[in-house]
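Thank you all for coming.

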Amino acid sequence: MNEHQFDNANALVCNRNEDLDRQKGKNRKTVSTEKVLTVEELHVSFKTFGGEVQALRGVSFELYKGETLAIVGESGCGKSVTANTIMGLIPQPPGRIKNGKVLFKGKDLTKLSKAGLRKIQGVDISMIFQDPMTALNPTLQIGEQLTEGYRTHHKVSKANAREKAIEMLELVGIPNPEERLKQYPHQFSGGMRQRIVIAIALICEPELLIADEPTTALDVTIQAQILELFNEIQEKTGVSIILITHDLGVVAKIADRIAVMYAGKVIEIGEKREIFYTPQHPYTKGLLNSVPRLDLKEEELQPIEGTPPDLFAPPVGCPFTARCPFAMDVCDRVYPETTHLTKNHAVNCWLQDERAKLVFT
Ligand code: SF4
């Protein structure tokens, strides 16, 4: 994908030159070197009647202060399971964290008790879900929903919590916040409801915000506004964001780094421009080629043929073998080592092996 194609992907959600310019500016953002979160070799499975689904098979990545890491991939690749494991939302059973660590502020979240997790959930780590209507209680005024968690965790008076709620509604761009606190979710539009969900997630000033498909339920214009809001909030608060999405237009707009997941593994990770301009894994290239582009007709789109492997019995080698046009004998027998291409760009593919390079060049 060249710069023109990258900008076209971006233009799916943001079809304005000034936004593209701002996006290029964002790419130059300096991200802190302070780690907020470290995920190490995470393995998560689910027991079902049909057997054990190996949803995560050794997921590792780091997140730095003030950065946005997008986790992308097809449905079922494990991106939402990763988010839910970090947030402590995997029901055990049927889920089971079989191995690995999620290190946050010196603690391994996978080892915390339910009470220990509750102290962190919604305070240090918050989550935004896809559909704002189901995330809000239709029978409660917005003010109550905003202040409930804040009062529980901060032990402040009703008046102080109300002041904080007004401040948060102002932060997420809701006009007349004092009046709107008394209203119910159905009195807001879809975009405004998602702003309220974001305000609730941020009211305790978390260090980490996990957004799981936060714009999927919104129309394109509102999507662009919400993504712009994420950028503004990150600039103001320095919050680190993990963005779970299948939408590369969204990624192009707000991510700093991208982790591409396939069949329960991170198969490529790098800075946004490394992934968009110099992708190395055939699956990443396939994903980028299947993005609708303004300069292509519908019939010119190139879908990735085939389906992901069965995670009841995943292959021991590269899980993309059956769909990969470059697959070699070794691919389905041995999983490729991680190759570090730059400081931030790493990939798991046998094509990076020196011997494969001799064959394919
Ligand atoms: Fe294709 Fe082999 Fe690379 Fe997997 S390891 S993506 S099958 S070339």
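Predicted model: local features only at pLDDT ≥ 70, side-chain atom pairs only at ≥ 80, totals over all residues.

Let me begin with a pair of helices: helix 7 and helix 9 cross in a right-handed sense, where right-handed means that the near helix is turned clockwise from the far one by less than a right angle, and left-handed that it is turned anticlockwise. The residues that make this contact, meaning heavy atoms within 4.5 Å, are Met168, Leu169 and Leu171 from helix 7 and Ile196, Ala199 and Leu202 from helix 9. By class, the contact of helix 7 with helix 9 has six nonpolar residues, no polar and no charged ones, with Ala, Val, Leu, Ile, Met, Phe, Trp, Tyr, Cys and Pro counted as nonpolar, Asp, Glu, Lys and Arg as charged, and the others, Gly among them, as polar.

Residues are numbered from 1 along each chain as its sequence is written, and side-chain values use heavy atoms, with hydrogens and water left out.

Stepping back to the whole, the protein chain has 14 helices and twelve strands, which are DSSP runs numbered from the N terminus, H or I of at least four residues for helices and E of at least two for strands. Of its 361 residues, 51% count as buried, that is, under 20% relative accessible area with a 1.4 Å probe and protein chains only, where over 50% is exposed and in between is partly exposed.

Which residues of helix 13 are buried? They are Pro282, Tyr283, Thr284, Gly286, Leu287 and Leu288, and because these are six of the eight residues in the helix, which spans 282-289, it is largely enclosed by the rest of the structure. Among the elements that cover those buried residues are strand 3, strand 9, strand 10, helix 11 and helix 12.

Helix 11 is also the place of valine 251, which counts as buried because its relative accessibility is 0%. Leaving aside residues up to four places away in sequence, valine 251 touches Ala70, Val72, Thr245, Ile258, Lys272 and Phe276. Valine 251 and phenylalanine 276 lie 25 residues apart in sequence, and their C-alpha atoms are 10.0 Å apart in space.
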